[in-house]
Every structure is written in structure tokens, then in C-alpha cells.
Amino acid sequence: MHSKTTTIRKAFRCAFPHTIPIFAGFWFLGLTYGVYMNVSGFSFWYPMLMSLTIFAGSMEFVAVNLLLGAFNPIQALVMALMINARHLFYGLSMLDKYRGAGWKKPYLIFGMCDESFSINYTAEIPEDVDRSWFMFFVTLLNHVYWFSGATLGGIFGSLIRFNTEGLDFVMTAMFVVIFMEQWLKEKRHTSALLGVGLSLLCLLAFGPGNFIIPAMLAILAALTGLRGRLEEGGDAA
Amino acid sequence: MTLTQQIITVGMVVLGTVLTRFLPFLLFPAGKPTPKYIRYLGAALPPAVFGLLVVYCLKNVSLFAGSHGIPELISIAAVVGLHVWKRQMLLSIAGGTLCYMLLVQLVF
């Protein structure tokens with residue numbers, strides 16, 4: 001029993017530092033989201049329960065508009081599927097990593113937002129730290145940050161006064177660092193370059209609101225086409 | 001919308017989100033061998049996905065209006081520079097964010 005507590009504590013202590021940038025980003029975005037719901041006429045119960053159950057940042061902002069519009073459940077479902085389609089890629093990448101996580105697995109998958117996926121995929125977890133507890137705490141902490149930020153925003157949002165303009169860049173900075181970490185680890189950069197290049201092309205062609213799905217399809221097609229060549233070296237990436 | 005309609009709407013959003021996250025795990029359960037092509041994708045996709053995420057974060061930056069993406073460009077250069085120099089994740093992120101905040105609040 002004692003050793004189990006030690007394992008859990010160790011995993012928590014190892015996971016927490018990885019989530020600090022996300023704490024900053026999620027509190028900022030969560031507060032913004034809570035305030036947005038507040039000024040849109042919803043009580044704090046809405047951001048509180050929605051941040052807990054949806055846990056997908058950009059989708060929650062869209063959901064505010066869905067709630068303000070006419071009742072259309074099918075549209076809500078299709079929007080959620082489209083906006084979150086990138087999660088399909090995360091799942092494919094985490095099939096092996098989440099294996100053997102036991103009862104934690106459903107929660108790991110439920111909480112697989114951009115940030116949790118990115119950390120759980122790239123983090124170099126020390127040998128003596130339990131992998132599934134590490135990933136569990138990363139996911140849980142991120143969930144708690146988002147939930148508490150959104151709730152506080154819904155309650156106190158209108159009272160915030162200090163100048164936070166630009167704080168949201170913390171998320172961009174984090175993804176740049178994660179991209180670099182991946183870049184430094186891999187031998188070939190074909191996939192990384194394809195990801196940036198095709199996404200930029202699709203952004204130019206389809207605009208900020210519609211580029212994700214075409215970009216995903218283009219990446220999928222390119223990687224499928226290059227499969228023979230990329231697999232040859234024994235190093236898929 | 002009535003409260004029931006609101007609950008259904010949020011429920012549909014939850015369903016859509018959860019579906020995109022669980023689908024790969026449901027299609028390729030741990031007990032059965034995963035098709036080779038899917039395993040290849042699992043290994044080859046992440047670098048591309050991280051690239052996609054960086055572009056996704058910058059999707060609303062306009063090169064032809066406002067500050068022309070200059071604060072973003074400078075701050076990303078700061079992140080890259082710091083990371084190449086020290087390779088301390090938190091330092092690179094904090095430095096880049098601070099740089100961006102100073103730029104958008106004081107310069108642009």
C-alpha cells in the first residue's frame with residue numbers, strides 16, 4: 001500500500017511541471033470563455049458544466065453560439081465532429097501509448113485535448129515513473145485548470161482588470177516548443193515539414209474557419225503516398 | 001431555447017467530441033493486432049500534427065492587416081532561439097509569451 005502511494009506521488013511530481021504552461025494558458029482562455037458566456041447571458045453553471053463535460057476549448061466557444069441560435073441538435077453534432085476531427089489523429093498516435101493503462105484509459109481518452117495529447121505523446125517519462133499515472137495526472141491537471149478557469153470566469157469574469165492582452169500566446173509558444181522537441185528527436189523531417197506546409201496551403205486556400213479538415217486529408221494522403229519511402233529507413237517519422 | 005433543448009445541444013457537442021476521441025480506440029482495440037497501415041500512421045502522423053497545431057494557433061494572424069503578424073514572428077523567433085540555446089521548455093514558453101505580451105501591449 002505504501003509503495004503504491006509513493007508511485008502515485010512520484011508520478012504527480014513528475015507530471016506537474018509539464019502542465020505549468022497549460023495552467024497559464026487554460027486559466028487565461030478558461031477565464032475568457034467564462035466571461036464570454038457571462039456576457040452572452042448565461043450563468044456560471046453553463047461554463048462550469050460545459051468545461052467539465054465537453055473539455056475541448058475551441059468547441060466550447062462555438063457551443064455558445066449554438067446555444068444562442070435556433071435549436072438544431074444535428075448541426076451541433078456535425079459541428080463538434082468537424083471541429084474536433086483532429087482528435088482522430090491523436091487517437092491513432094496514442095493507440096500504443098495508452099495500452100495497459102487499465103481503468104485510467106477511458107478517462108485518458110475522454111480528456112485527450114490538444115495539450116494533453118501533445119504532452120503525453122512527447123514527454124520523456126523517466127524509467128522509474130509509472131507511465132499511466134503520469135499521463136493520468138497530465139490529463140487530470142489540464143482538465144482541472146480548464147474547469148476552474150471557466151467557472152471562475154463565469155463567476156468573477158466581469159471584475160478582472162489587469163492587462164492580460166497577449167497572454168494567449170502561451171499556447172502558441174507551447175506548441176512551437178513541442179514541435180521543436182519532436183523535430184530534434186527525429187532523423188527525418190518529412191512528416192513535420194508536410195504538416196506545416198500542407199496546413200499553411202490549406203489555410204490560404206480555405207481560410208481559418210475551414211482549413212482543418214482539408215489539411216488533415218492532405219496530410220493523410222501525402223503520408224499514405226510516401227509510405228514506402230518513409231518506412232524504408234526503419235524510422236517512420 | 002428551453003432548458004431541455006440546451007441540455008440536448010450540449011449533449012450533442014459532448015457526443016461529437018467524445019466520438020472523435022474514442023473512435024480510433026474502438027476501431028482498433030488493444031486485444032487485436034492493429035493493421036500495419038494504422039501503426040504506420042500512428043508513428044508518422046505526430047510530427048505533421050504538431051505542425052498542424054502550430055498553424056492552427058496562428059490561423060487568425062493576418063499578414064496584410066493590423067500588425068502584419070510581426071509580433072507573432074518575433075515572438076516565435078524568441079521561443080526558437082531560447083529553446084535552441086537552453087532547451088528548457090518552461091523558459092522558452094515563458095520568454096516567448098512575455099515577449100509577445102510586451103510587443104502587443106507596448107509596441108503594436
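Colleague: Before we start, what counts as a helix or a strand here?
Modeller: Helices are DSSP runs of H or I with at least four residues, strands are runs of E with at least two, and both are numbered from the N terminus. This is a predicted model, where local features need pLDDT of at least 70, side-chain atom pairs count only at pLDDT 80 or more, and totals for chains, interfaces and linings use all residues. Residues are numbered from 1 along each chain as its sequence is written, with chains lettered from A and ligands numbered from 1 in the order in which they are written.

Colleague: OK, how many helices and strands in chain A?
Modeller: Chain A has 12 helices and zero strands.

Colleague: And how far does chain A span?
Modeller: About 55 × 55 × 35 Å along the principal axes of its C-alpha trace.

Colleague: What about helix 4 of chain A, which residues are buried?
Modeller: In helix 4 (residues 73-83), A76(A), A80(A), L81(A) and I83(A) are buried, meaning 20 or more other C-beta atoms lie within 10 Å of their own, again placed from the backbone.

Colleague: What covers them?
Modeller: The cover includes helix 3 (57-68) of chain A and helix 1 (3-27) of chain B.

Colleague: Last one, what ipTM does the complex get?
Modeller: The predictor gives an ipTM of 0.90, and a pTM of 0.85.

Technical notes
A residue is buried if 20 or more other C-beta atoms lie within 10 Å of its own, exposed if 12 or fewer, and partly exposed in between; C-beta atoms are placed from the backbone. Two residues are in contact if their C-beta atoms, placed from the backbone, lie within 7 Å.
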